[in-house]
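Me: Could you take a close look at one helix for me and tell me how it sits in its chain? A bit on the surroundings would be welcome too.

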Amino acid sequence: MTKFRTNRIFSKGHLVSLLFIIILAIPAFSQKNELIITDAYNNLSFKDFVTKTESNLIVRFFYNPDSIPDISIFVRSSPAKLMDVIAGTFTPLGINVSIDSFGNIFLTKGQVLITKLPEDFFMQSQVSGAEPDTLAVTRETNKTFLKTSDAYVAESRTVGTKKEGARSKNALISGYVINMNDSLPVIGATVFVEDLESGTSTDDKGFFTLTLPKGKYTMDVRSVGFEEMKYKVEVLSGGQLDFNLPEKVFLMQAVEIRSQTNHNVRGMQMGIEKLSINEIKEIPVVLGERDIIKVALLLPGVQQVGEGSAGFNVRGSPADQNLFYLSEIPVYNTSHLFGFFSAFNPDAISDFSLYKSSIPASYGGRLSSIFDISAKQGNKKKFSARGGISPITARLLVEGPAIKDKLNYLVGFRSTYSDWVLNFVQDPDVKNSKANFGDAIVNLSYQVNPKNQLKLISYYSYDNISLATKVDDKYNNAGASLSWYHTFNPSHDFNLSFAYGQYNYFEDNYEYSLAAYSLNYELQHYQANMDFSFKKFENHNITYGINSILYKIDNGGQLPLDDNSLIVPVYLGEQKGLELAAYVGDEWRINPKLSLYGGLRYNNYSYLGPNTVFSYADNLPKTPENITDTLEYSNNEVIQNNGGLDLRLSVTYLIKPNLSFKASYNNLHQYIFMLSNTIALSPTDKWQLCNNNIEPMAGNQYSLGAYTNIGAQQIEFSLEGYYKKVHNLVEYKDGANLVVNEHPEQDVLQGELESYGIEVMLKKPVGKLTGWLNYTYSKATVLVNNTPTGEVNNFGMAYPANYDKPHSLNLVAAYKVSKRISFSGNVVYSTGRPITYPTAIYYQDGQKILNYSLRNEYRIPDYFRVDLSMKWEGNLKRKKFLHGSWIFSVYNLTGRKNAYSVYFKSEQGQIHGYKLSIFGAPIFSITYDFKLGNYAD
Amino acid sequence: MPTKLLNMILVLTVAFIMSCEERYWPELDANTASALVVDGVITNALPPYTINLSRSSNVESHDYIPMSNYEVSIVDNFGNEELLNEMEAGRYVSSADGMQGIVGRNYKLILRSPDGRYYNSEFEMLKEPIGIESVYTEVEYEDSETPPYQIPGYRFYINTELAQNDSTYLFWLLDETYKFESDYYIYFYYDGTLHPVVNRDTLKNCWGSGRVFPFFVESTLSLSEPRFTHYPLHFVNTKTRKLSVKYSLLVNQYTINKNVFRFWNSVKQQNEDGGELYPRQPFQVRGNVYNVDDENELVLGFFMVAGVAQKRIFVDRPTLPVKMYYPICELTEDDFEAYGFMFIGGGTASWPLFITEDENGSRALPNQACIDCTYKGGSLDEPDFWTDN
């Protein structure tokens, strides 16, 4: 601590004055370069190393502790030259090391301190030698897509040897991009060869391969949340080339959405949204619960029926066409408290990707989107803990190495303490209610050796809700995944994973003792995946693999709760299904301007016994009268088998380095659906399998987009249009009761869904002000007109889907005032959702009865909301035990009473209209977050 | 029952997240063409039977619009037919000695509009009526947001007889009649001059009556035996005078077929749905009557055919410890002053005014609802079925 004071933390101002001093101090001090240290300095943390060196030698260190990682210093030979050791450690990290003639050692990043005048300062005519390691500040930038506003320091690297490279013209280089702070792989980082205007990105293990002619290149490596690094690379032959990226600490923005796995313009993906949890930290949310799903709703093309409802709608598809994975664990119930909060602890998540179109062939089984959430891996280097308290929940997460650099763990818990809040409410119904929820996640990661890694992730979430002591609901999600990553060689690796996901609920209803009942339901999902990635051929990135899923569903039943109840026990039976798929995909860079992705996925679905099923007469409504046969199937006997071939295509054409056009076609199949005829998903909705009486759904999506980056400040602009058609959409007969339904096929009608739209997105990922603005125009209509059976919905006319909101505008902005204070806000507008209104009234037996319009003929009032939050970070002291931050937020600042629904009730024979708002007032909340260590840790 | 659950969810949310419900009336298309409405029932009870024809009306400014000059007839599946007479506008009645509904037969309604359009109903089967074993009450307490937070009252329950068929559908319409008293005796009445009154209890005893909302419709399908035991009907609290003297409930229990059940069950669902977080999609409930030449023409309402059983019960004013919470009038200073002002001003529209006296003989002009039991719709005529014992 006392020693530390001499290690001046300098600001830019100091830097300039230092420069002057240094330049004036021309007298050479070169012998200081011969400072020698021994292995007594070996394996010290940098801080200790500095302390020790400063006390034993006549040197002083100058560096900014926030940008220089506190890594271990290894002295590999003894004695060693001090400057060689320091340079050897820091230069690969992109940190410049220099020493002046007084023994002052400077470690800087992004800026080189010239500690002596150039050799040719007095000799203008001297012929310059080799190309300098440091790139000229005034670099030619117009050629590259990466318009950089700062000067970057390049580090020289050499790959291979001349001898090895003698025989071939091209070289295959491969390696990892690694987070310098925690040594974890950086997924989705781009490695761009500026000279060739081509590049690649790292896979889910942080691994990349590149094939390129031998030669000298400037490579640019970047990823979300990391410093952008440039390297001078001389490729002599094939070989390994790893890059270490420092985390971006100073430039870290509240909302930083340099988000897509691939670059906005150049990447092959379209219709993908990727956000990391750091980027969404400060977006204001209800009651201060950071929530990835609520943030996803601010993205273009993502809609929701109403505030606080579970599930969302991507590009006009119903909520059951989205598939959620939490690090390979399938998650079927993604929300707590019926949809008010998402079931994922934000501290335990590193990022999520939402594929809206151009879904890679490795995914299937849902028509609309894949929501892939990556759980955080434990810190490999040191123990750390973080947590927080919001008005609703308390969170705690610990992580660290169990065996350093080998085995690390992460354990996170979140639980509500909301019960006591209810006690303050006077209303007896509320006072006697209870609401409890929580979730837990445990991750283990074991690096067996450089070529093999094992990961075990387990997840649990629960809800216990007891309403006014008359209805008890319990919801549970549990799951685990085990993955093995193996690298055969630099261009071929594979991933084997087993995953299990379970969702169940129980409901006890004892409102009427005579009809007291209990309901239950359980879904089990077993999945095994084998995925290979193969990069042997130049410009091809081939992926292939096999996925298999076994579904087991217990539909439960309705049972009398006790002896007084007259309810007849109803057992709804079990279902079993097997979904197998094999796929192959190729990302082919045809030339620097044109790339193509093609994928084929063959799905085979079997609905399996044991079961007893009905068969119905052809071309007649599926009613009890039209049952022709009752069929018994034994265990694992195939009742129904469906095959389906999915085709995925996308093409990217770079017109200019910062302008591209992309087009894609997607074809998918889905064999499971949500039995739900409520407007928003209800907690008693059940997933069901397609069977001999309910056809699998199939969907096609065409999309087209233009992408460009504007200006040096990197404003990303994209325009995407899509057209989507879903066949065999599962809809329901009017008034169907699906909660206890022994033969759902008798209440199901299958129809067609058509949707199209245009999404405009403008993002500003960097700077003091960051955020995005998007506008979506979309339409989604459903048609149920079953010609052979004559069964129709809405009298055979097409109607808008419940979540059809043609105009939608989202503005998310964050402004960083200083390191400690930042503001952020949202503005959300959308057209009101469609609704069926009563248009006439008539009398029947003295009752007034409402006659309703055609389905969804009207709309509820438009939705508009403004949120604001302020984040206040604790002090920036470097040495502290705990760093805290406060987030003050207001949700629905204007207090607008946005309609959730409008409905009419007959009360004492009178018809009254009502509007229900969920968050009809500004909601203030304070969240406190803490972590071990300082601001930057 | 799920609706109740969902309402509770709403209640929970209210406290939890400040949700709110407020009166709201959306802009509706006023030009929606009105449709023919059929409302009538044939039972196994003695005729006459009544069929009401009307038109649907605008939701905001609704009126009952009767439809006159239709030819209305009922036919059965044996070819018997009876033409109904229009007794008053839109009200078509069969003759008292005409066709009587017979269990097991099918009945159909045939309409011809004045402009020559034909409407038919489907043939509907008249079901064997299930009997009512008993109707009884239990004292229950209802939650209230204001003190005393728990308001007592009577919940009515029904036990039905055992049905022969597992899939029996029942529809209950309830009619209530209750005797109540006004608080003061009449000493004088004033219509410009003051008249003494001899029979001071002239306006003291009244009978109120009406249809109970909501109706109840159930199926025995989910029950272990096809009967309803301890099935809860409506609740009458003690905040009004309904239970203050004597209360009578007439239960009309209709045994209906599946089509009728579907109709009423849909109507019930739509009445109850709403206000919850997970509403189902509302839909147009179409009945069993259609235009013979144009099936797309919207015809509303249902021609109901049902077996009927009735039961009437009487319940007395609940005794202690059950407390009554209806407001009781007490003479105030204002009432005494009002008596004086009565002679100076006031419109003739409110005449006659009734005057009472307190125990000291001071005259007062009280709130007329406290002295005239007909003031809020009571009737002075004792119903035929009424018994005070």
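Reply: Here is the helix first, then the backbone around it and the contact between the chains. Residues are numbered from 1 along each chain as written, with chains lettered from A and ligands numbered from 1 in written order. This is a predicted model, where local features need pLDDT of at least 70, side-chain atom pairs count only at pLDDT 80 or more, totals for chains, interfaces and linings use all residues, and side-chain values use heavy atoms, leaving out hydrogens and water.

The helix is α3(B), with twelve residues and 18 Å from its first C-alpha to its last, close to the 16 Å expected at 1.5 Å a residue (that span is 1.5 Å times one less than the number of residues). Helices here are DSSP runs of H or I with at least four residues, strands are runs of E with at least two, and both are numbered from the N terminus.

Which residues of α3(B) are buried? They are D335(B), Y339(B) and M342(B), where buried means under 20% relative accessible area, exposed over 50% and partly exposed in between, with a 1.4 Å probe and protein chains only. Looking down the axis of α3(B), the buried residues fall within an arc of 65°, so they line one face of the helix; the arc is taken from the directions from the axis to the C-beta atoms.

The buried residues of α3(B) pack against β16 (188-190), β17 (194-196), β24 (353-357) and β25 (363-364) of chain B, with contact meaning heavy atoms within 4.5 Å. On the face turned away from the buried side you'll find the exposed E333(B), D334(B), F341(B) and I344(B).

Now the loop between β23 (299-316) and α3 (333-344) of chain B: P321(B) is found there, and the peptide bond from L320(B) to P321(B) is cis, with omega near 15°. Chain B also has a cis bond from F213(B) to P214(B), omega near 0°, with P214(B) in the loop between β18 (205-211) and β19 (216-219).

As for the partner chain, the contact takes 87 residues from chain A and 77 from chain B. The count between them is one salt bridge (a Lys or Arg side-chain nitrogen within 4 Å of an Asp or Glu carboxyl oxygen). K915(A) forms a salt bridge with E22(B), the closest N and O atoms being 3.4 Å apart.
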